[in-house]
Amino acid sequence: MKHLVIATLGLGLLAFGGTAAASNCTIKLSGDDRMQFDKKEVTVSASCKTINIELAHTGQLPAAAMGHNVVVAATPDVQAVNAAGAKAGAAAGYLAKDDPKVLGATAMIGGGESTKASFPGSTLKAGGDYTFFCSFPGHAALMKGKLVVTP
Ligand code: CO
C-alpha cells in the first residue's frame, strides 16, 4: 500500500514537470548583419496569457541599412503584410499602422540594439500555420521561420 502511494506521487510530479517544460511563452531571436535570424523555428503555447517577443540585433549596421524586427502573422498573410509594410516606409518601421493581419511585432532596430514586444496568446490557435519574419524590404526572403503553436 505504501509503495502504491509513493508511485502515484512520483507520476504526479512527472506530469507536472512535463507540462511546465512544454509551455514556452517567449519568441527569443537574434538577427545579424548577414540578414539572418539565429533560428528557423520557434515553438510557443497558445495557452500562454502573453507571448513575449525578444529580439537582439547582434550586428553593427544601422537600422537604415540592416534594420530588423520580428513580425508574427498567419503564413498566408506574410506577403500582404510585407507589401503593406514596404509601402508604409522607413518612418513607419516598414509596418502598416494597425494592420489586422499583424498578430504581434517589435520595433525596427539596428546593430547593438535590442527590443521587446508582446501579444495575447489567445491570438494564436494551436496547430495553426504561422510565420515570424523581418519586414525590412527584402529581408523576409531569408529572415523568416516557422512559429509552431502547441495547445
Ligand atoms: Co531585417
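Which residues does L124 touch, not counting residues up to four places away in sequence? L124 touches V44, A46, I51, V72, L103, F119, Y130, L147 and V149, where contact means heavy atoms within 4.5 Å. This is a predicted model, in which local features need pLDDT of at least 70, side-chain atom pairs count only at pLDDT 80 or more, and totals for chains, interfaces and linings use all residues. Residues are numbered from 1 along each chain as its sequence is written, and side-chain values use heavy atoms, with hydrogens and water left out.

L124 also belongs to the largest nonpolar core, which has 24 residues; I27, L124 and L147 touch the most other members. Such a core is a set of buried Ala, Val, Leu, Ile, Met, Phe, Trp, Tyr and Cys residues joined through side-chain atoms within 4.5 Å, and buried means under 20% relative accessible area with a 1.4 Å probe, protein chains only. At least two residues of this core come from each of β1 (26–31), β2 (41–45), β3 (50–57), β7 and β8. Strands are DSSP runs of E, at least two residues, and helices are runs of H or I, at least four, numbered from the N terminus. With three residues, β3 gives the most to this core. A second, separate core has eight residues, including A73, V78, V81 and A140.

The cobalt ion has G67 (O), H68 (ND1), C134 (SG) and H139 (ND1) as its protein donors, 2.1 to 2.5 Å away. Donors are N, O and S atoms within 2.8 Å of the metal (3.2 Å for Na, K and Ca); water is not among the atoms, so sites may look incomplete. Along the chain these donors follow the spacing G-H-x65-C-x4-H. G67 lies in the loop between α2 (63–66) and β4 (71–74), and C134 in the loop between β7 (130–133) and β8 (144–150), so the pair ties together parts that are 67 residues apart in sequence. Both G67 and C134 are buried.

Technical notes: Buried < 20%, exposed > 50% of the residue type's maximum accessible area, 1.4 Å probe, protein only.
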